[in-house]
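Hi,

Here is the structure I promised to pass on to you. Please open it alongside this message, and I will go through what turned up.

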Amino acid sequence: MESSFDVLGIDPDADDTTIERAYRDRIMEAHPDQGGSVEAFQRVRRAYERIRNGETKPPAIGEPSDPNQRHPPSRVEYLNYEVLDDFGWSIEDDDLFRKAHRADLPAEDFGRFLVRPHESLLEAAENRGFAWPFACRGGACANCAVAVLSGELKMPVNTILPSEMYERNIRLSCNGMPLTESMQVVYNLKHLPELDELQLPPRPFEQACMTD
Ligand code: FES
């Protein structure tokens, strides 16, 4: 039976660098926009998560997920990074969300929604009708980055954000799962200059939104 290591094309004793490189190569090959498919993409992502979760021997692909991995519902308050420039605000402002409350912003820029168990932050935004940025959906670019100003967002896969960004509470929304009952996030961080080099070309869906 094919193992997670087989999916990534590496030996079970591969070091971290080899695992990361193999994951980035495989996830891009499997991407639907690169001739892959949603199923192939998910298969690679699951294999990587299993290895990262500590599997040291070849496990079976397709086992049911661990029920202990469920996350609680989380009430997320969000703000569009693009708005900050318009108002002269900074992501460092202690009262950023209080100012946003008073600014009468449209729902696409500021508001709240509930992230259900098993939804990533990006999936929850999309399921509520919002078009947040993304590209690979597999932890291999920075297009979907958000800044977490309160609460906690766990990323099962991150091959792209360096440690200094992690320490600044920058996270990926495509696979980020809230660990707290409430959160405040600034989304659309793709406009943050430090993230320029870590981005991929946007998906056609996002390009379509940009030309509307
Ligand atoms: S869309 Fe690429 S890491 Fe989230």
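Let me begin with a pair of helices: α2 passes α3 in a left-handed crossing. Please keep in mind throughout that this is a predicted model. Helix α2 covers residues 16–30 and helix α3 covers residues 38–52; their axes lie 8 Å apart, and the packing angle is about 165°. Since angles over 145 degrees count as roughly antiparallel, α2 and α3 are therefore roughly antiparallel to each other.

Which residues of α2 and α3 meet? On the α2 side they are I19, Y23, R26, I27 and A30, and on the α3 side A40, F41, V44, R45, Y48 and I51. Sorted by class, this contact between α2 and α3 holds 9 nonpolar and 2 charged residues, with no polar ones.

Now to the strands. An open sheet is formed by 5 strands, in the order β2-β1-β7-β3-β5, and its pairing is mixed. The edges are taken by β2 (110–115) and β5 (170–172); each has a single partner strand, so one side of each is left without a neighbour in the sheet. On average, neighbouring strands of this sheet are turned by 35° against each other, ignoring direction.

Strand β3, residues 145–150, runs antiparallel to β5, and 3 bridges join the two.

Terms used:
Residues are numbered from 1 along each chain as its sequence is written. This is a predicted model: local features need pLDDT of at least 70, side-chain atom pairs count only at pLDDT 80 or more; totals for chains, interfaces and linings use all residues. Axes are lines fitted to C-alpha atoms, for helices over the stretch in contact, and angles run from 0 to 180 degrees between N-to-C directions. Helices (H or I, at least four residues) and strands (E, at least two) are DSSP runs, numbered from the N terminus. Angles under 35 degrees count as roughly parallel, over 145 as roughly antiparallel, 65 to 115 as roughly perpendicular and the rest as oblique. A crossing is left-handed if the near helix is turned anticlockwise from the far one by less than a right angle, and right-handed if clockwise. Two residues are in contact if their C-beta atoms, placed from the backbone, lie within 7 Å. Ala, Val, Leu, Ile, Met, Phe, Trp, Tyr, Cys and Pro count as nonpolar, Asp, Glu, Lys and Arg as charged, and the others, Gly among them, as polar. Two strands pair if DSSP finds at least two bridges between them.
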